[in-house]
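Subject: Structure for you to look through

Dear colleague,

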Amino acid sequence: MLKIGLTGGIGTGKTYLSKHFVDMGIPVYYADEEAKKLYRQPSFLSEMMVAFPDERLWMADGALNMSVLLQSFEDEDFLKRLSHFVHPYVMRDFERWAAEQNTPTVMMESAIIFEYDLVSYFDKIIVADAPETLRIKRIRERNPHLTEADIRQRMSRQMKQEEKCSRADLVVCTGETYSEGLRFKV
């Protein structure tokens with residue numbers, strides 16, 4: 001089975017591009033969505049409580065305080081620790097999911113394949129790319145409450161798009177508008 005990682009910075013069109021692969025019969029595992037599901041699993045939460053005993057994260061009944069967790073994402077050190085805790089769970093789930101697919105190719109869509117050294121899980125890496133101004137426009141359209149400064153701050157936390165493109169097996173430019181079509185850079 002061929003395993004493809006689809007990555008790219010925020011606003012590059014990863015999800016848009018992944019839908020084309022689904023249309024071609026390639027199942028796509030959406031890492032962000034699957035990671036969010038972990039926070040509802042009791043076994044994951046009990047292990048997380050051991051790894052992150054900070055009482056601010058946990059309510060009196062032992063439930064995870066999601067608002068405190070989301071605020072903690074602003075702390076880069078905490079976010080790194082949390083990501084290193086969560087990613088092994090997500091990757092095990094991806095491997096389980098991939099084994100259940102009855103196709104010769106599967107794909108994972110994740111913005112952080114390079115950042116967290118997940119490349120070894122994949123046979124090929126595709127990077128979605130788009131000009132920065134277009135990325136900002138797309139992000140503002142789906143998150144109108146974010147300022148351009150907020151967006152740039154989020155972008156600055158990710159690996160530079162140029163670096164991702166240089167490490168890719170294939171770069172797909174999603175264009176000035178999605179309706180413009182796709183252009184490939186090899």
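Helices α6 and α7 pass one another in a right-handed crossing. Please keep in mind, here and throughout, that this is a predicted model. The axes of α6, which covers residues 132-142, and α7, which covers residues 148-157, come within 10 Å and cross at roughly 115°. On the α6 side the contact is made by Glu 132, Arg 135, Ile 136, Ile 139 and Arg 140, while α7 contributes Glu 148, Ile 151, Arg 152 and Met 155. Sorted by class, this contact of α6 with α7 holds 5 charged and 4 nonpolar residues, with no polar ones.

The crossing in which α2 passes α5 is right-handed, and the contact is made by Ala 31, Glu 34, Ala 35 and Leu 38 from α2 together with Val 86, Tyr 89, Val 90 and Asp 93 from α5. By class, the contact between α2 and α5 has 6 nonpolar and 2 charged residues, and no polar ones.

As α3 passes α5, the crossing is right-handed, and the residues that make the contact are Phe 44, Glu 47, Met 48 and Ala 51 of α3 and Arg 81, Leu 82, Phe 85, Val 86 and Tyr 89 of α5. This contact of α3 with α5 has 7 nonpolar and 2 charged residues, again with no polar ones.

Which residues of α3 are buried? They are Phe 44, Leu 45 and Met 48, and, seen down the axis of α3, these buried residues fall within an arc of 95°, so they line one face of the helix. The face of α3 turned away from that buried side carries the exposed residues Pro 42 and Val 50. Among the elements that cover the buried residues of α3 are α2, α4 (66-72) and α5.

Met 107 lies in strand β3, residues 105-109, and it counts as buried because its relative accessibility is 0%, where the cut-off for buried is under 20%. Leaving out residues up to four places away in sequence, Met 107 touches Ile 4, Leu 6, Phe 21, Ile 26, Pro 27, Val 28, Tyr 29, Phe 94, Trp 97 and Ile 126. The C-alpha atoms of Met 107 and Ser 67, which are 40 residues apart along the chain, are separated by 31 Å.

Ser 110 sits in the loop between β3 and β4 (124-129), and at 3% relative accessibility Ser 110 counts as buried. Apart from its neighbours within four places in sequence, Ser 110 is in contact with Leu 6, Thr 7, Gly 8, Lys 14 and Ala 31.

Key. Residues numbered from 1 in each chain as written. Predicted model: local features only at pLDDT ≥ 70, side-chain atom pairs only at ≥ 80, totals over all residues. Heavy atoms only, no water. Left-handed = near helix turned anticlockwise from the far one by under 90°. Helix = DSSP H or I, 4+ residues; strand = E, 2+ residues; numbered from the N terminus. Contact = heavy atoms within 4.5 Å. Nonpolar A, V, L, I, M, F, W, Y, C, P; charged D, E, K, R; others polar. Buried < 20%, exposed > 50% of the residue type's maximum accessible area, 1.4 Å probe, protein only. Arc of directions from axis to C-beta. Axes fitted to C-alpha atoms, helices over the stretch in contact; angles between N-to-C directions.
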